[in-house]
Amino acid sequence: MPYRDPGTPPLTSPQAYLGWVARGQLGLVLSASAWGTCGFVATALLPYLLGRVLDHGLQDGPTDEVVRGVLVLLAVGTVGVLANVVEHRRAVENWVRAAFRSAQLLGHHVTRTGDAVTVELPTGEVVSTVASDSLRVGEVFWIVPRLLGAVAAYLVVAVLLLRSSVPLGVAVLIGLPAVAAVLGLVVRPLTRRESGQREAAGRLTTLGADTVSGLRILRGIGGEEAFAARYREQSQRVRTAGVAVARTQSLLDGLTVLLPGLLLAGIVWFGARLAAAGTITPGQLVTFYGYAAFLTGPLDVATDALRILTRGVVGVRRMLRVLAVPTTGAEHDGPRPAERNRPLSPDPSPAARLRPAEDLVDERSGLRVRAGRLTALVSADPDESAALAVRLGVLGAEHRIEDSLVRLGGTRLAERGLAEVRRRIVVAESAPHLFTGRLRSGLDRGGDADDAALLSALATADAGDVLDSVPHGLDGEIEEKGRSLSGGQRQRLALARALLTEAEVLVLVEPTSAVDAHTESRIAQRLGPARAGRTTVVVTASPLVLEHADEVALIDDGRVVARGDHHSLLTDDGPAGHRYRAVVSRAEAEDSTEEEENRAPSRR
């Protein structure tokens, strides 16, 4: 572990998924089951052997047969102990492998669904599924070998009991399933209430995460008390559900002790009357008592198995909901096992970086991004140009690689496969998302950039001031989502992170929307030289960035309606030039207004 390839499970039903996991570790399941059966059967034989030794001893004294019986008893007990030790080790390995395979499968899938998984399911539900439900699968494969051993021991005891005394044997064999059936009536509502409590806790986690991440906004609009009330209300629902679970669990725990105890007391009373009447021998009475005491073990296993299997099926059903969320794309002809767990990062090898640049073409819009140049996309509707940029990298839940009409070097992306697309085309969206941890590791995804490369990327993004604001510079800690930084600082760090990928094609969506005009101008001047020889696409309407672009493409109604450099489009007397000037002039006016508003507080 980790598995080189966790495999592709069936998503039709929880039973099909559990069967698939079992086939993946069939040898281990069979080994644990065999050792479990051996341990239980050996333990089941002890009362029978003890009764025979006792009868021989009471009748003939300490004869050789009694000595041999004691030695056999010791040998069978030793075998039972060793078998139980090995079975426990195999069962734990079963648990670990099944749980880890499921967790690895879920993690692998979630990383490839993009934002689709959070559209389909709440964030708290996804986290809870990855963290908890995979463990439920492990529990199933921990209890199954023990359950098979318990069933085998029950059948052995049934045969021995009926051979010794039919009435007493029937009493034991009927009483035990009856106790198990009564306990089963409590297990099902317990599992149902546990599931409800878990879902309520997942919603509480999601609500808490949303509240904390949006605390600054809540303070601005005065909504803290309202969200606190919502959290308090949901917290009380979780508490109420937890109390309901505890009540049912306490009832089950009490019945687990009471019912087998009553059964055992009844068997001893019935057996004592048979022994007093001379129907059975004292040794047989001890044997029946030993069986009754022993069978409480299989009964406990059966009760646990019913609870664990029911809970496991519920957990797998939630896992299948996550696994059913479509990925942002699919590998052409499926992922090769060797690539299954490889990080989808740009290939840092020198050969890859020296690969001849290739044009990027979107057939739907008519856009051609020329290799090795900086191309800007402009549209009166910013969402339209951003959607085109995201489509170039097959990013987002709505884009699947097999449906892509984008070509790189004349070859459709579907033919190249998602892994190659991710290595060669990197899309940095407008919303900067920073991760908790050291600044150095947050910027360098591959972990192979030296300080010079990190500082160069920060200089290009004009983010040198971040080093001063973060204690210990590159080795300083970034708080959750970079909340200690301003919006402009977060955006510039995200730009530096994108530059460090050194991708063959880098697509930047509004990379300077949160910075002032002076900072934007410096970034625009440095971006082209920093990306020299590689293809760069920038979605922007800012004249400060457009004047440094090698080519500008004007998008209208999803199509490229004009192309050229910034100055030629500004001086174009046709309809396209008029639309371009309207978009750029509006962006320039908005930038001037924002800059004036930023200066106003300092004058006051």
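Mentor: Start with helix 1, which covers residues 14-24 and holds both Tyr17 and Trp20. These two are three residues apart, or about one turn of the helix. Keep in mind throughout that the model is predicted.

Now look at the two rings. A search of the whole structure finds one aromatic pair, and Tyr17 and Trp20 form it: their ring centres are 5.7 Å apart and their planes meet at 45°. Planes under 30 degrees apart would count as stacked and over 60 as edge-to-face, so at 45° this pair is tilted.

Next, ask how much of each residue is accessible. The cut-off for buried is under 20% relative accessible area. Tyr17 has 0% relative accessibility, so Tyr17 counts as buried. Trp20 has a relative accessible area of 14%, and therefore Trp20 is buried as well.

Arg101 lies over the face of Trp20, at 5.8 Å from the ring centre. The cut-off for a charge over a ring is within 6 Å of the ring centre, and the 5.8 Å of Arg101 falls within it. The charged end of Arg101 also sits over the ring of Tyr3, here 4.1 Å from the centre.

Put together, the picture runs through Trp20: its ring pairs with that of Tyr17 in a tilted arrangement, and Arg101 lies over its face.

Technical notes:
Residues numbered from 1 in each chain as written. Predicted model: local features only at pLDDT ≥ 70, side-chain atom pairs only at ≥ 80, totals over all residues. Heavy atoms only, no water. Phe/Tyr/Trp six-rings, centres within 6.5 Å; stacked < 30°, edge-to-face > 60°. Helix = DSSP H or I, 4+ residues; strand = E, 2+ residues; numbered from the N terminus. Buried < 20%, exposed > 50% of the residue type's maximum accessible area, 1.4 Å probe, protein only. Lys NZ or Arg CZ within 6 Å of the ring centre and 35° of its normal.
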